[in-house]
Amino acid sequence: MNETEITTKKSATVTKWVAGSLLALILAVVTCEIAGWPFLRQPLQQLLQDKLHRSVQIERPFHLQLLGGMRLQVGGLTLSAPAGFDAPYFVNAHGLDLSLRYRDLWSLKEGDPYRIQAIRADQLNAYLIRHADKQATWDFELEDKSPPRPFPLIEQLAVNQGQAKVNDAVANAQLAVTFFTEEGQHLTAPESSVKVDGKLRKLPLQGALVTQGFLPVATQGKDSAPINSQGWLKYGAVNVKFRGAVADLFGTQRVKGQVDVSGPSLADVGDLLDMTFPRTSAFKVSAEVEKGVDQWRVNIPFAHIGHSRLSGQFVYDLAPETPMLSGKLQGSLLMLADLAPAFGAAQDHTANAHPGKLFPDESLDFSSYGRMNADIDVHLDAVDLGHAFKQRIAPLKLRLTLIKHKLSLAELEASTAQGTLSGALSIDAHDSSNADLSPPPAPEWDIQLAVRDIRLEQWLKVTPDAKKTPGKQPSAQQSSTNPAPAYISGKLNGKAKLQGRGRSTAALLKSLDGQLALMVRQGEISHLVVEAAGLDIAQAVGVLIKGDQPLPMQCAAMGWHAKQGVLTPDAALIDTPVTTVTVQGEVNLGQEQLNLKLQANPKNFSPFTVRSPILVTGPFVDPQVSLSPGPIAARVAGGVLLALLNPFAAILPFLDPGSASEVADDGCQHTLQQLKTRQH
């Protein structure tokens, strides 16, 4: 055999060996493909454990296909929860089917999302747990330092039965979630639904959401079309309905639609959304909402809060460290009674929790003040102050701000009964949520209010009910031609500068310090006031008045100083042409007790002049009016008047009742001159 033949024989042998090996390899691959590569189950399980730093269990049956694409079918897949969590696993899937295309893997670039052809699961369970230190079952210690990839693009997704247990200590949520989805481009009518049942911040929560699929919401980009969705939510007694569209759930989280909310109090909505809303009466709100990258825009065409009718446009900015709510609150009517729960009072006038007390002592919740900041312009057409007021405030303007736990109502401008109200109110709640402060400091209140030229007889219900003859109703003509005289009339001017601390209305009043002054100009007082107190008019003011003829008040002015909730008059008098009545004693706001003495000082001799002071004593809810058993001498009353000279003179500039000409003509200036004359 020559060398050529030897070479040819060797080449043929190599060719047969290579062909045989290749055939054997092909047969082995085909055999393994048919068998589903069962020996790769353990290596794949170990690979996942090494990458995720979690215990991974892949259950039989195990079937892997590698030809023409990658497809993995397993009986079950269990991924453990991290150490320190009381959960049997993080994710557990049964009947899992995963499909991938090689071209999607080969064309993958850094920063691109993984593309998955299909995921199917008969059952998918998860435990989503987060501790107070923010450690969660969904946190992984990945060694891959490359930039994070977006949410995977899943072309087909089907989960027949899905459920998740949520226990979030940060959000204070304990929820059971069930879901179903059958979606993908191969379906003409995809459908996904999710239901929630459990507790959020100790209140029961239930809800449901139906969309045209979870995948478009999660995987579409910021320029993709929104997906129609509708759902409902019940949180405690709050009911929410949503109709609209959502998009880019794991990106800009865009939302646009109509929201209808109703419930017993806006404060409950604040708890749900982690925002700061006042406690109110029952409400119903319809709003148009739209969320962009960092902002929620909310347009409220109408909101019914009790009997109030409001509207507004707001922007809630999530970009700052503390979210900011800004906008404008408007409305045709605000009933102050609808805000009574915000100050601890019952809106429905039910019995007080403390019998015999007028002011509520219920502790108010200031912890929500730190949830957000706010800057809102308020413009209301009318404000109803309650049954004791004849006229509403119309209009009212103010600026509401909430900055670093401090609520401020400033730039107050209001009109009523031919006069005006102005001023500001602030509540500095510090950091009421700071657990290191024990006990937390009581909020600091600052109140500055002024009233100017308000007609008392038009503003207050100071007119007695018309006396009815049994079996006969007064005619409309009688009511219009002979109206009942007001108990008191005139232009009211007043100013208050008060500070206090307290976690309730009662605690605040008990701590008040500051100054309060009131004056009535061009006023009159009816003898019915005294009759209502059970005293004869002649005894009360030293003059006999016939019928309903009112008695002019040349001056009615009172200046009070407050110290720890006790109001004491520096100067308080009512000056008529024939008598000057002074007021002494105190009003204890904390104890809700009156202890006042009214003394009459006649200017001329009258046989009807009372020589005993009138006492007004007892609790606010049931005051008693009586005559003091011990008479006082006229000279003593006169001495009291002279002692009031200097503090009375100080009241007038504090009130600033009007223009220079008005002050010059004012009856209180005349009374002051008379007192000075008596002093000399």
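This is a predicted model: local features need pLDDT of at least 70, side-chain atom pairs count only at pLDDT 80 or more; totals for chains, interfaces and linings use all residues.

Biologist: Why is the pair of Glu155 and Arg115 called a salt bridge?

Modeller: The cut-off is a side-chain nitrogen of Lys or Arg within 4 Å of a carboxyl oxygen of Asp or Glu. The closest N and O atoms of Glu155 and Arg115 are 3.3 Å apart, so the pair qualifies. It links distant parts of the chain, with Glu155 in the loop between strands S6 and S7 and Arg115 in strand S4, 40 residues apart. Both residues also belong to a network of salt bridges that includes Arg101 and Asp104.

Biologist: Is Arg115 buried, partly exposed or exposed, and how do you know?

Modeller: Arg115 has a relative accessible area of 35%.

Biologist: What makes Arg399 and Glu411 a salt bridge?

Modeller: Their closest N and O atoms are 3.9 Å apart, and the limit is within 4 Å, so the pair counts. Arg399 is in strand S20 and Glu411 in strand S21, 12 residues apart. Arg399 is partly exposed at 31% relative accessibility. Glu411 has a relative accessible area of 53%, and exposed means over 50%, so Glu411 is exposed.

Biologist: Which labels do Arg455 and Glu457 get for burial, and why?

Modeller: Arg455 is at 15% relative accessibility and counts as buried. Glu457, at 18%, counts as buried as well. Their side chains meet in a salt bridge at 2.7 Å, N to O. The structure holds 16 salt bridges.

Biologist: What makes helix H5 mostly covered?

Modeller: Seven of its eight residues, 266–273, are buried. Among them are Leu266, Val269 and Leu272. Ser265 caps the N-terminal end of H5, with a side-chain oxygen 3.2 Å from the backbone nitrogen of Ala267. Just after H5, Asp274 takes a positive phi of about 60°.

Biologist: Why are strands S1 and S2 said to pair?

Modeller: Pairing needs at least two bridges. S1 (residues 56–65) and S2 (residues 70–79) have eight, in the antiparallel sense, so they pair. They form a hairpin with four residues between them, and Gly68 in the turn has a positive phi of about 75°. The bridge partner of Glu59 in S2 is Gly76, and Gly76 stands opposite His94 in S3.

Biologist: Why is Asn588 called buried?

Modeller: Asn588 is at 17% relative accessibility, and the limit is under 20%, so it is buried. Asn588 lies in strand S29. A polar atom of its side chain lies 3.1 Å from the backbone nitrogen of Gly590.

Methods. Residues are numbered from 1 along each chain as its sequence is written. Side-chain values use heavy atoms; hydrogens and water are left out. Helices (H or I, at least four residues) and strands (E, at least two) are DSSP runs, numbered from the N terminus. Buried means under 20% relative accessible area, exposed over 50%, partly exposed in between (1.4 Å probe, protein chains only). A polar contact is a pair of N or O atoms within 3.5 Å; within protein, one must be able to donate a hydrogen and the other to accept it, and residues adjacent in sequence count only if both atoms are side-chain atoms.
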